[in-house]
Amino acid sequence: MTEVIAAPRTASQVLAWSRERIDPALRAAVDTLPAAARDLAGYHFGWWDEHGRAADGSGGKAIRPALTLLAAEAVGGGTAEALVAATAVELVHNHSLVHDDVMDGDTTRRHRPTVWRVFGVNPAIQAGDALLALAFGVLADCGRPAAVRGVRLLGIATQAVVDGQLADLELETADHVEMAECVRMATAKTGSLMACACAVGAVFGGGRAEQVEHLSAFGEGVGLAFQHVDDLLGIWGDPAVTGKPSHADLRRRKKSLPVVAALTSGTAAGRELAALYLGREQLSDVDVRRAAHLIDAAGGRAWSRHQVDMLLTGALDHLRAARLHPTTAEELTALASLASHRDH
């Protein structure tokens with residue numbers, strides 16, 4: 001039964017509401033893991049420290065499960081039916097985070113040491129694998145008619161995420177990267193799971209085929225905008241706010257969206273940046289600060305900001321075309337705006 005909402009909630013209220021629902025479901029799912037994997041997963045989610053003592057760490061904003069729950073409501077369904085799908089999506093997302101930290105060598109996430117940094121690389125890889133397997137088990141075992149389609153959608157999205165991650169690694173060592181390659185990588189890495197979050201919510205909510213399609217396109221647009229912002233924060237974000245290392249992407253010469261925009265700009269700043277990026281020696285603190293300046297001077301920062309606005313506009317067009325419950329559509333709009341306009 002659909003929950004009756006008197007007036008649209010703010011994005012912050014929606015995220016708090018979603019977190020209230022998803023946290024118990026995540027804890028219940030993680031509790032079914034073997035003890036060793038459970039300990040690492042719980043540490044990653046911030047529920048306890050490396051010694052198993054209760055902690056009050058942040059599990060992140062949980063935007064993806066919020067999208068799943070809202071998508072179900074928006075097509076006339078209820079959040080109770082979609083909660084298992086939201087849980088599965090969040091488990092897949094966190095699997096990718098644990099592995100991403102290993103691949104990128106990031107030592108902090110959400111203001112605390114990453115799983116691999118505390119427990120080692122191999123245990124972290126296994127913990128990520130456990131979260132991924134758990135996601136599909138949760139969805140397959142839920143007993144709902146939408147489960148088979150949900151598993152299929154989640155499987156397609158997971159393969160896209162893996163493809164995007166592999167492309168991301170390949171681009172790091174490439175001497176030249178076209179903008180289209182970088183956009184395809186970012187769409188697969190981030191847009192695909194956001195698209196799935198919306199689509200699977202609509203499926204579990206009983207949405208029509210065209211609603212599922214439009215919500216999927218909405219989620220992909222929001223996801224790509226989210227990646228633009230994430231890349232901007234990776235260069236200019238405050239580590240005290242982001243919970244991630246300062247300039248870590250630049251130190252690895254990562255070909256993120258604003259970086260590739262600068263490299264392909266045809267400007268003097270872009271050419272100087274290319275010289276820095278094509279070098280093989282480790283970049284110093286002075287080098288990475290210079291790189292950040294050059295990306296800005298070459299227009300990479302402004303280009304990414306413009307793309308965020310364009311992507312949000314396109315995503316909201318799909319939202320309107322889906323003919324959703326008006327109150328929930330407003331909440332999806334607010335959530336998309338928050339995801340696309342974090343402090344960048």
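Which residues of H15 are buried? In this predicted model, where residues are numbered from 1 along each chain as its sequence is written, local features need pLDDT of at least 70, side-chain atom pairs count only at pLDDT 80 or more, and totals for chains, interfaces and linings use all residues. Side-chain values use heavy atoms, with hydrogens and water left out.

**Helix H15**

The buried residues of H15 are Gly300, Arg301, Ser304, Val308, Leu311, Leu312, Ala315, Leu316 and Leu319, where buried means under 20% relative accessible area, exposed over 50% and partly exposed in between, with a 1.4 Å probe and protein chains only. Seen down the axis of H15, these buried residues fall within an arc of 145 degrees, so they line one face of the helix; the arc is that of the directions from the helix axis to the C-beta atoms. An α-helix has 3.6 residues a turn, so residues three or four places apart point the same way. The face of H15 turned away from its buried side carries the exposed residues Ala302, Met310 and Arg320.

Helices (H or I, at least four residues) and strands (E, at least two) are DSSP runs, numbered from the N terminus. H15 has 22 residues, 300–321, and at 1.5 Å a residue it should span 32 Å, which agrees with the 32 Å between its end C-alpha atoms; the expected span is 1.5 Å times one less than the number of residues. Just after H15, Arg323 takes a positive phi of about 55 degrees.

Among what covers the buried residues of H15 are helix H9 (209–236), helix H12 (257–263), helix H14 (285–297) and helix H16 (326–340).

**His214 in helix H9**

His214 lies in helix H9 and, at 23% relative accessibility, counts as partly exposed. Although His214 and Leu319 are 105 residues apart in sequence, they are 6.5 Å apart in space, C-alpha to C-alpha. Leaving aside neighbours within four places in sequence, His214 is in contact (heavy atoms within 4.5 Å) with His318, Ala321 and Ala322. The side chains of His214 and His318 are joined by a polar contact of 3.1 Å, a term for a pair of N or O atoms within 3.5 Å of which, within protein, one must be able to donate a hydrogen and the other to accept it, residues adjacent in sequence counting only if both atoms are side-chain atoms.

**Cysteines**

The structure holds zero disulfides, a disulfide being a pair of cysteine sulfur atoms within 2.5 Å.

| Cysteine | Nearest cysteine sulfur | Relative accessibility |
|---|---|---|
| Cys196 | Cys198, 9.2 Å | Cys196, 5%, buried |
| Cys198 | Cys196, 9.2 Å | Cys198, 0%, buried |
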